[in-house]
Structure formats: structure tokens, C-alpha cells
Amino acid sequence: MLALKYSSFEIEAGTDEAGRGCLAGPVVAGAVILPPDFNHPLLNDSKQLSEKKREFLRPIIEKEALAYAVAFVDQGQIDEINILNASILAMHNSLDRLGLVPEFIVVDGNKFKNYKNIPHKTIVKGDGKFLNIAAASILAKTYRDEFMFKAHQNHPEYHWNRNKGYPTSEHRQAIREFGSSPLHRKSFKLLPEQLKLDL
């Protein structure tokens with residue numbers, strides 16, 4: 001059973017990102033402030049849920065939350081500032097867009113930068129411990145998957161409708177065959193280095 005929130009502050013925002021390990025597309029962050037009486041038996045870390053359950057929960061979170069927001073940082077900016085900084089920037093941007101100013105922020109993971117002098121706590125695997133981080137993870141994941149599904153229409157050769165930009169063998173084989181697209185992250189190792197010389 002996930003706890004509602006971490007702190008004793010009334011207005012606590014949970015934030016999380018999706019797409020950090022992908023080879024293509026944006027990193028997307030969600031931020032959510034839940035009401036004090038919120039609960040839902042299905043709500044959990046987005047990685048533990050099926051796509052169908054995530055899609056089912058998204059409108060519930062959006063309807064019930066006191067405030068929620070989603071922010072994208074694209075592949076160009078990821079290449080410029082690196083994926084860690086881009087992930088934190090996406091989380092900051094999602095917090096900027098909340099209709100309420102949080103008194104405390106809980107962050108999934110172990111890295112974050114001070115945001116407007118609001119106290120925060122990083123929690124490893126926080127999306128499996130706190131409902132507000134889990135809700136943020138579901139929004140980040142569903143919005144990003146939607147983006148990659150639309151991108152697939154323009155670049156069907158990479159099968160982003162299935163792999164969402166993650167480094168699957170199918171995705172890497174398509175990069176070998178067709179090269180990279182404008183959505184690929186140039187600072188990432190798109191293909192494993194060849195260890196054998198062709199003699």
C-alpha cells in the first residue's frame with residue numbers, strides 16, 4: 001500500500017520523469033498534488049502497471065488532483081545539457097506549471113536541484129512508495145507514450161509505437177538500416193560499439 005505523501009506539509013507535490021533511457025524523443029516529467037483524502041487501489045509505479053491500467057488512471061488523476069502538470073524537454077536540449085540536467089529541467093518546468101505552489105516536493109530518484117527554495121526530498125523508487133510520485137509517473141509515461149505513438153506515424157521504420165524510443169534490438173536494427181532521425185538523441189550511443197574488426 002502506497003502512502004499518500006512523505007511530509008507533514010499540506011500541499012506536497014510529487015514529481016517524476018519518463019524517457020530518460022530512450023534513444024529518441026523527449027524526456028517528459030509530471031508533477032501532481034493530490035487531495036488529502038485521495039486513494040485508488042490501482043495506483044502504483046507506472047512501470048508496474050499495464051498500458052491499459054495507466055490509460056485508465058490518467059483521467060482519474062487529472063480529475064481528482066488539486067493540481068497537475070506535464071512538461072517536455074526535447075532531444076535537442078537533452079543533447080545540449082545532458083539527460084540528467086534535462087530530466088531535472090523537465091521536473092522544474094512541470095512544477096512551474098502547477099496551479100498551486102507546493103510547500104514541499106518529493107522527487108523520484110536520487111538527483112534534484114533546489115527549486116525556488118521549496119524544501120524537497122529525493123526518494124529512490126519513490127514511485128512505488130508514494131501516491132503523488134506514482135501519479136506523476138503515470139502522467140509522464142502516458143503523455144510521453146502518446147508523443148512517441150504520434151511520432152511513429154512519421155517514422156514507422158523505428159517501430160516507436162512498440163518500443164517508444166527505448167533501445168530494443170528492433171529499434172537498434174532499424175537505426176543500423178535507416179540511420180538516425182531528427183528525433184534521435186545525438187549525444188546517446190545509438191548503436192553498441194563494434195568490438196570486432198571486419199577482416
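Student: Leaving aside neighbours within four places in sequence, which residues is S7 in contact with?

Tutor: Bear in mind throughout that this is a predicted model. S7 is placed in the segment before β1, and its side chain reaches the backbone nitrogen of F9 at 3.1 Å. Once the neighbours within four places in sequence are set aside, the residues in contact with S7 are E12 and F104.

Student: Is S7 buried or exposed, and at what relative accessibility?

Tutor: The cut-off that matters for this step is that buried means under 20% relative accessible area. S7 falls under it and therefore counts as buried, its relative accessibility being 14%.

Student: What is the mean pLDDT of the chain, and which residues have a pLDDT below 50?

Tutor: The mean pLDDT of the chain is 95, with 96% of its residues reaching 70 or more. The stretch below 50 has zero contacts in the model beyond near neighbours in sequence, and it comprises residues 194–199.

Student: E12 is buried yet has no salt bridge, so which side chain of opposite charge is nearest, and how far away is it?

Tutor: E12 is found in strand β1, which spans residues 12–18, and its side chain reaches the backbone nitrogen of Y6 at 2.8 Å. Its contacts, leaving aside neighbours within four places in sequence, include V32 and I33 as well as F104 and N132. A salt bridge requires a side-chain nitrogen of Lys or Arg within 4 Å of a carboxyl oxygen of Asp or Glu. The nearest side chain of opposite charge to E12 is K5, at 5.2 Å.

Student: How many bridges join β1 to β2, and which residue in β2 is the bridge partner of D16?

Tutor: The strands β1 and β2 run antiparallel, and six bridges join them. For D16, the bridge partner in β2 is G30.

Student: Which residues of β2 are buried on one side, and which on the other?

Tutor: As a general point, the side chains in a regular strand alternate between the two faces of the sheet. Seven of the seven residues of β2 are buried, so the strand is largely enclosed by the rest of the structure. Both faces are covered, with V27, A29, A31 and I33 buried on one side, and on the other V28, G30 and V32.

Student: In which sense do β2 and β3 pair, and over how many bridges?

Tutor: In β3, A69 is the bridge partner of A31, while A67 stands opposite I33. Strand β3 covers residues 67–73, and five of its seven residues are buried, so β3 is also largely enclosed by the rest of the structure. The pairing of β2, residues 27–33, with β3 is antiparallel, over seven bridges.

Student: How far apart in space are P35 and E10, C-alpha to C-alpha?

Tutor: P35 is found in the loop between β2 and α1, and with a relative accessibility of 9% it counts as buried. Not counting residues up to four places away in sequence, P35 touches L4, E64, A65 and L66. P35 and E10 are 25 residues apart in sequence, and their C-alpha to C-alpha separation in space is 9.0 Å.

Student: Why can the pair of R54 and D145 be said to tie together parts that are apart in sequence?

Tutor: R54 forms a salt bridge with D145, the closest N and O atoms being 3.8 Å apart. R54 lies in helix α1 and D145 in helix α4, residues 131–154, so the pair ties together parts of the chain whose separation in sequence is 91 residues.

Student: With which residue does R58 form a salt bridge?

Tutor: R58 is buried, with a relative accessible area of 13%. The closest N and O atoms of the pair are 3.5 Å apart, and the partner of R58 is E62.

Student: Where are D96 and K116, which form a salt bridge with closest N and O atoms 3.5 Å apart?

Tutor: D96 counts as partly exposed at 42% relative accessibility, whereas K116, at 59%, counts as exposed. Their salt bridge has its closest N and O atoms 3.5 Å apart. The pair links distant parts of the chain, 20 residues apart, with D96 in helix α3 and K116 in the loop between β4 and β5.

Notes
Residues numbered from 1 in each chain as written. Predicted model: local features only at pLDDT ≥ 70, side-chain atom pairs only at ≥ 80, totals over all residues. Heavy atoms only, no water. pLDDT = per-residue confidence, 0-100. Contact = heavy atoms within 4.5 Å. Helix = DSSP H or I, 4+ residues; strand = E, 2+ residues; numbered from the N terminus. Buried < 20%, exposed > 50% of the residue type's maximum accessible area, 1.4 Å probe, protein only. Lys, Arg positive; Asp, Glu negative; His and termini not counted. Polar contact = N/O pair within 3.5 Å; in protein donor to acceptor, adjacent residues only side chain to side chain. Pairing = 2+ DSSP bridges.
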